[in-house]
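Please open the model in a viewer and keep the selection panel at hand. The stops below are meant to be taken in order.

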Amino acid sequence: MERWEKMKRYLVKPGQKINLSEWDPDEKSAWQDSKKEAKIEFSNINNKLEEYQELLYAEQKHKILIVLQAMDTGGKDGVIRAVFDGVNPAGVRVASFKVPTSEELSHDYLWRIHKQTPGKGEMVIFNRSHYEDVLVVRVHNLVSKETWENRFSHINNFEKLLSDEGTTILKFFLHISKDEQKERLQERLDIPEKQWKFSAGDLKERLLWDEYQKAFEDVLTKTSTKYAPWYIIPANRNWYRNWLISSIIVDTLKSLKMKFPQPEQNLSEIKID
Ligand code: ADP
């Protein structure tokens, strides 16, 4: 089976009703061989990603937006480190969205997001995103139900605007299990090099696991579109998660059929004294 065919099982079809308990965070069926071979293949795909990103930057035509969302400890930082290792920093940027500042809060919730979207030739990775405004904001009742419910259609329209204007959008939900989160939080307590990542707030959020899962199910069900699809990435295993995300990005970049720009004149006629 073509790799792309295998990837499609993780794609949320527009309107598909998502029940996350039916999606196994340990699943790894697109990779039949050993983990060791997957790591080799991952490094080949990484090289491809570097090549395509160079082309993206040179061509100055396409804009790429990659959205990462997950439960706490889901592995967003790990993906950013592993998948984008080696790309040219001149053309790739990470935008992290934290608790909004008072200036951000005084505008509509997409204001701070739109400013960070990619320009031509650029690839931008959103570490959290406008989806926080229908996730944490919903779970903590920071706005009324009517307000967050209206946001699904704003978000779809906003992403349609970006897509119509030449942005290719890929959205990844890193799906971990509640047990896996427990292990990862425990590691943050036990391993000195990881202790800086521990926040007591994460334990409070963990108590709201079910509410977050429900909010994610709504996001996935209502905002996966042809022009801005969601992929549910089984993320209990880091190597599988990294391999899968890299593969989807590389296949998408390949499908853009990018080309290096033609030189302005016949270079063979130019003589350097
Ligand atoms: P991360 O967990 O992504 O590594 P932080 O520990 O700094 O980074 O967490 C960022 C925090 O900002 C998260 O708790 C997240 O829920 C919060 N946040 C992001 N966007 C919003 C928003 N629009 N409204 C409220 N909180 C938000």
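The tour goes from the core to a helix, then to the salt bridges and a surface patch.

This is a predicted model, in which local features need pLDDT of at least 70 and side-chain atom pairs count only at pLDDT 80 or more, while totals for chains, interfaces and linings use all residues. Residues are numbered from 1 along each chain as its sequence is written, and side-chain values use heavy atoms, without hydrogens and water.

**Core.** Select Leu49, Ile66, Phe84, Met123, Phe172, Ile249 and Leu253: these have the most contacts inside the largest nonpolar core, which has 76 residues. A nonpolar core is a set of buried Ala, Val, Leu, Ile, Met, Phe, Trp, Tyr and Cys residues joined through side-chain atoms within 4.5 Å; buried means under 20% relative accessible area, exposed over 50%, and partly exposed in between (1.4 Å probe, protein chains only). Helix α11 gives the most to this core, nine residues. Helices (H or I, at least four residues) and strands (E, at least two) are DSSP runs numbered from the N terminus.

Next, centre on Met123. Beyond its neighbours within four places in sequence, Met123 is in contact (heavy atoms within 4.5 Å) with residues including Leu49, Ile66, Phe84, Arg93 and Leu253.

**Helix α10.** Select residues 209–222, the 14 residues of α10. Ten of the 14 are buried, among them Trp209, Phe216, Glu217 and Asp218.

**Salt bridges.** The structure holds 16 salt bridges, each a side-chain nitrogen of Lys or Arg within 4 Å of a carboxyl oxygen of Asp or Glu. Show Arg237 and Asp26, which pair at 3.7 Å, N to O. Arg237 is in the loop between β5 (230–234) and α11, and Asp26 in the loop between α1 (3–7) and α2 (35–59), so this bridge ties together parts 211 residues apart in sequence. Arg237 is partly exposed, at 27% relative accessibility, as is Asp26, at 37%.

Move to α7 (residues 145–164), where Lys145 and Glu149 lie four residues apart, about one turn of the helix. Their side chains form a salt bridge of 3.2 Å, N to O. Lys145 is exposed at 53%, and Glu149 partly exposed at 38%.

Then pick Asp72, Arg128 and Glu132, which a network of salt bridges links.

**Surface.** Finish at Ile272, in the segment after α11 (238–255). Ile272 is exposed, at 81% relative accessibility.

Terms used. Expected span 1.5 Å × (residues − 1).
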